[in-house]
Amino acid sequence: MNELSKIDYPVTKAAQASWADGIKRALTDGEVNPVEFIAKLRGLRSALDIVDKDKDVRDIVIREISKHGKSATWNGATLTVKDTGARYDYTACGDPVYDDLARKLKELEDRIKEREAFLKAVQPGTTLVMKDTGEVVTLYPPVHMATESYSVTFK
């Protein structure tokens with residue numbers, strides 16, 4: 001028996017929602033140790049991501065789908081061959097207008113990062129006189145916003 005045959009696969013949106021609800025219920029009812037579960041979940045997700053992103057696996061799946069045209073279905077799941085991650089390299093166009101705009105954008109992004117670093121370090125209530133306008137402004141550090149969560153690290 002291989003590893004793949006041990007898994008009960010939720011391949012429809014309804015089955016995925018039901019499966020997730022069952023897990024959440026087991027966690028909230030205290031039937032499952034949440035630390036153990038998340039460690040296992042993240043380990044499984046990491047392993048699945050490795051397989052999902054593997055070039056050989058992708059090629060095998062594309063070959064199999066192509067036997068059926070542009071898409072194939074299995075138990076409610078549809079797999080479709082398509083282009084993903086399309087990008088364009090505009091630097092090869094030789095357009096001086098684009099090149100100038102890109103240079104200006106890079107300069108602005110650098111200036112914004114520099115100003116953000118300054119603002120992170122500013123003391124609350126710092127008074128500043130704007131050179132170009134003479135306007136007096138009071139500065140405050142940025143508001144720190146975060147959501148408490150957790151991380152999982154594997155040996």
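Visitor: What volume does the largest pocket have?
Guide: The largest pocket of this predicted model has a volume of about 1,700 Å³. A pocket here is an open set of points on a 1 Å grid over the protein atoms alone, where a 1.4 Å probe fits, with protein on both sides within 12 Å along at least five of seven lines. The volume is the space filled by probe spheres set on the points, which are joined across faces, edges and corners.

Visitor: Which residues are closest to its centre?
Guide: Tyr9, Leu48, Val51, Asp52 and Leu79 are the closest, out of 35 residues that line the largest pocket. A lining residue has an atom within 4 Å of a point.

Visitor: And which elements give two or more residues to that lining?
Guide: Those are α1 (13-28), α2 (34-53), α3 (55-66), β1 and β2. The largest share, nine residues, comes from α2. Helices (H or I, at least four residues) and strands (E, at least two) are DSSP runs numbered from the N terminus.

Visitor: Before we go on, what should I know about the numbering and the model?
Guide: Residues are numbered from 1 along each chain as its sequence is written, and side-chain values use heavy atoms, with hydrogens and water left out. As the model is predicted, local features need pLDDT of at least 70 and side-chain atom pairs count only at pLDDT 80 or more, while totals for chains, interfaces and linings use all residues.

Visitor: What is the mean pLDDT of the chain?
Guide: The mean is 93, and 98% of the residues reach 70 or more. pLDDT is the predictor's confidence in each residue, from 0 to 100. Confidence is lowest in strand β1 (residues 71-74), with a mean of 92, and highest in α4, at 98.

Visitor: New topic: how many salt bridges does the structure hold?
Guide: Seven, each with a side-chain nitrogen of Lys or Arg within 4 Å of a carboxyl oxygen of Asp or Glu.

Visitor: What does glutamate 36 pair with?
Guide: Its partner is lysine 40, with the closest N and O atoms 2.7 Å apart. Both sit in helix α2, four residues apart, about one turn of the helix. Glutamate 36 is partly exposed at 41% relative accessibility, and lysine 40 is exposed at 53%. Buried means under 20% relative accessible area, exposed over 50%, and partly exposed in between (1.4 Å probe, protein chains only).

Visitor: Which residue does lysine 55 meet in a salt bridge?
Guide: Aspartate 59, at 2.8 Å from N to O.

Visitor: Which residues are linked in a network of salt bridges?
Guide: Asp100, Arg103, Lys104 and Glu107 are. Within it, arginine 103 and aspartate 100 meet at 2.5 Å, N to O. They are separated by about one helical turn, because they are three residues apart in α4.

Visitor: What makes the nonpolar surface patch?
Guide: Tyr88, Tyr90 and Tyr98 make a patch of about 370 Å². Patch residues have over 30% relative accessible area and no salt bridge; nonpolar side chains (Val, Leu, Ile, Met, Phe, Trp, Tyr) are joined within 5 Å, like charges within 9 Å. The areas come from the Shrake-Rupley method with a 1.4 Å probe, and for residues only the protein chains shown count as cover.

Visitor: Where is tyrosine 90 found?
Guide: In the loop between β2 (77-80) and α4 (96-121). Tyrosine 90 is partly exposed, at 42%.
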